[in-house]
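Hi everyone, thanks for coming.

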Amino acid sequence: MAPVIEANNLGIQFYRNRKRRISVREILFKGKSTSPKEQFWAVRNATFKVEQGEAVGLVGANGHGKSTLLKMIAGVLLPDEGSVKVRGGVAPLIEITGGFQGQLSARENVYLIAGLHGMSKKEIDAKFDEMIDFAELHKFIDTPFRHFSSGMKVRLAFSVVTALDEPIVLVDEVLAVGDSKFKQKCYNRLDEMMAGGDRTIFMVSHSERNLRRFCTRGLYVRHGEIVADGNIDETLDAYNAYMDTDA
Amino acid sequence: MTLAADPASDRAATRRRTLAVLNLLVRRDIKLRYAGAWLGYGWTMLEPLLMTMVYAFVFGVLLPTRDFAETPYVLYLITGVLAWNWFNTAVNEGMTAVSSEAKIVRSADVPRWIWVARTCTSTMMIFIFAIPVIVAFILWFRHPVSWLIILFPLGIVLQFAFAFGIGLLLSPLAVLAGDVKRLVRVLLRVGFYLTPVLYSLNAVHSRFGDYTALAKLNPIAGSMSLFRAGLWSSDLFAWYFYAAQVVITLLTLALGFWVFKRLEGTVLKEL
């Protein structure tokens, strides 16, 4: 069977200044733009395959390209070099509250976000109660999203995205939020999702415990390149060894 | 992004999904705009009706032009103002479609052009919902309607396609260059006066002769004339002007898609 995720020489460049605002005025009157052009590769030469049912953890220090890599797999960033093929639908647990609209109620947001991720109205109707149950927001179904506490926002978002019945799950650090009771609930939900053995999970985390708990394989990303690919314990050992020498 | 065993059926599924998402977004917009039914409707119609009254006073009473002596000028104005309003908001909102919804654009893997299509469709729906107001004016003035009114829907298609092309072209530029929005707003105001909204090109022809042909290449002048043809058959252009407008519109669409595709990756990084 073909691998569900296939990255081939994947690379993406960013400008060193975060906001690179060019202006028409400048181009018209000076004939060129003076905005900084210095770029760096956030991810480069990333080549790997993930088979169905694998649980892969991305390991690496802050700012070394883990989330960028995950976003390219999710299709919300486009590579400048190489390609990534994803076979099957994706449930992206990445910046999960991002798409939620402050002025809309919890109910309207559920329909909007689940719809955006490809659920039909009928499917949402069927799963609506379950989503609200999981997020424990019965009393707030018609409350505007902006009035929610940050914990409530994440609960609702996590609940909606994990209700997507997709074969590939991408997780970016979302497990670090919420109170310990809800965190436990999220872990259980992920365990349930993984139980069948045919879902593929791709996870970014700084928590060694979570990585060892959920993942079997680890990719170590350093300065945008994959420097180790093996079982999760080996990868974490390599990462720790490097961080120790660095410090 | 998804690749299944059968690419053809998979593409069809993707297209269905894309249309479902577009439908969802447009419904959301309409619902928000017309919340409270009549109140929302009245609020939406307030600006075009007020502006029509202002234009009618300035150009129909203060500076009356002879050509409108027998035409109910208010009816002529309201069709033009509503149509221009659609184009104006479609371009303004289409241009900011990606930047103003940055967070949601960044979080969902749907074809990005959908955000521009959404604003064009929502603003088109506002225009369509305003048709009863035009009908009310027709009835009020007992203005005759000819069979040429069947051209009205063609005007909608032409204007939608042109606005969509412009939106696709501008929305990535508006993300990358800060002052594009301001520039476009100025150009739109110029466009308003170059487009026969307040006047008829027949009046222009009597003074500028064949140069009027230039104004007739404008696709919005075209949609305007298609909207009005059933009410004033003299507003109809020769067929080749429409052919030229269609070509210009298709070129704009092609350029829009090309620019949008080329800048998509860069735009996503900047959001």
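This is a predicted model: local features need pLDDT of at least 70, side-chain atom pairs count only at pLDDT 80 or more; totals for chains, interfaces and linings use all residues.

Let's start with a question: how many bridges join strand β3 of chain A to strand β8 of chain A, and do the two run parallel or antiparallel? There are four bridges, and the strands, residues 55-59 for β3 and residues 217-222 for β8, run parallel.

In case strands are new to you, here's the background. Strands of a sheet pair through backbone hydrogen bonds, and the pairing can be parallel or antiparallel.

Now zoom out from that pair. In chain A, β3 and β8 sit in an open sheet of six strands, and the order goes β5-β6-β7-β3-β8-β9. The pairing in this sheet is mixed. Look at the edges: that's where you find β5 (90-93) and β9 (225-231) of chain A, and each has a single partner strand, so one side of each is left without a neighbour in the sheet. From one strand to the next, the twist in this sheet averages 15°.

There's another open sheet to look at. Three strands of chain A make it up, in the order β2-β1-β4, and here the pairing is antiparallel. The edge strands are β2 (39-50) and β4 of chain A, and each of them pairs on one side only. Here the twist averages 25° from one strand to the next. Between β1(A) and β4(A) there are five bridges, in the antiparallel sense. As an example, A:Ile5 has A:Val86 as its bridge partner in β4(A).

Okay, on to side chains. Over all chains, the count comes to 21 salt bridges. I'll show you one of them: A:Arg87 and A:Glu6, whose side chains meet at 3.1 Å, N to O. Why pick this one? A:Arg87 lies in the loop between β4 (81-86) and β5 of chain A, while A:Glu6 is in strand β1 (residues 5-15) of chain A, so the pair ties together parts that are 81 residues apart in sequence.

Last stop, the surface. Which residues form the negative patch? They're A:Asp129, A:Glu130, A:Asp133 and A:Glu192. Helix α4 of chain A, residues 121-135, gives the largest share of that patch, with three residues. A:Asp129 is found in that helix, α4 of chain A.

Terms used
Residues are numbered from 1 along each chain as its sequence is written. Chains are lettered from A and ligands numbered from 1 in the order in which they are written. Side-chain values use heavy atoms; hydrogens and water are left out. Two strands pair if DSSP finds at least two bridges between them. Axes are lines fitted to C-alpha atoms, for helices over the stretch in contact, and angles run from 0 to 180 degrees between N-to-C directions. Patches are made of residues with over 30% relative accessible area and no salt bridge: like charges are joined within 9 Å, nonpolar side chains (Val, Leu, Ile, Met, Phe, Trp, Tyr) within 5 Å. Accessible areas come from the Shrake-Rupley method with a 1.4 Å probe; for residues, only the protein chains shown count as cover. A salt bridge is a side-chain nitrogen of Lys or Arg within 4 Å of a carboxyl oxygen of Asp or Glu. Lys and Arg count as positive and Asp and Glu as negative; His and the chain ends are not counted. The place of a charge is taken as NZ of Lys, CZ of Arg, CG of Asp or CD of Glu.
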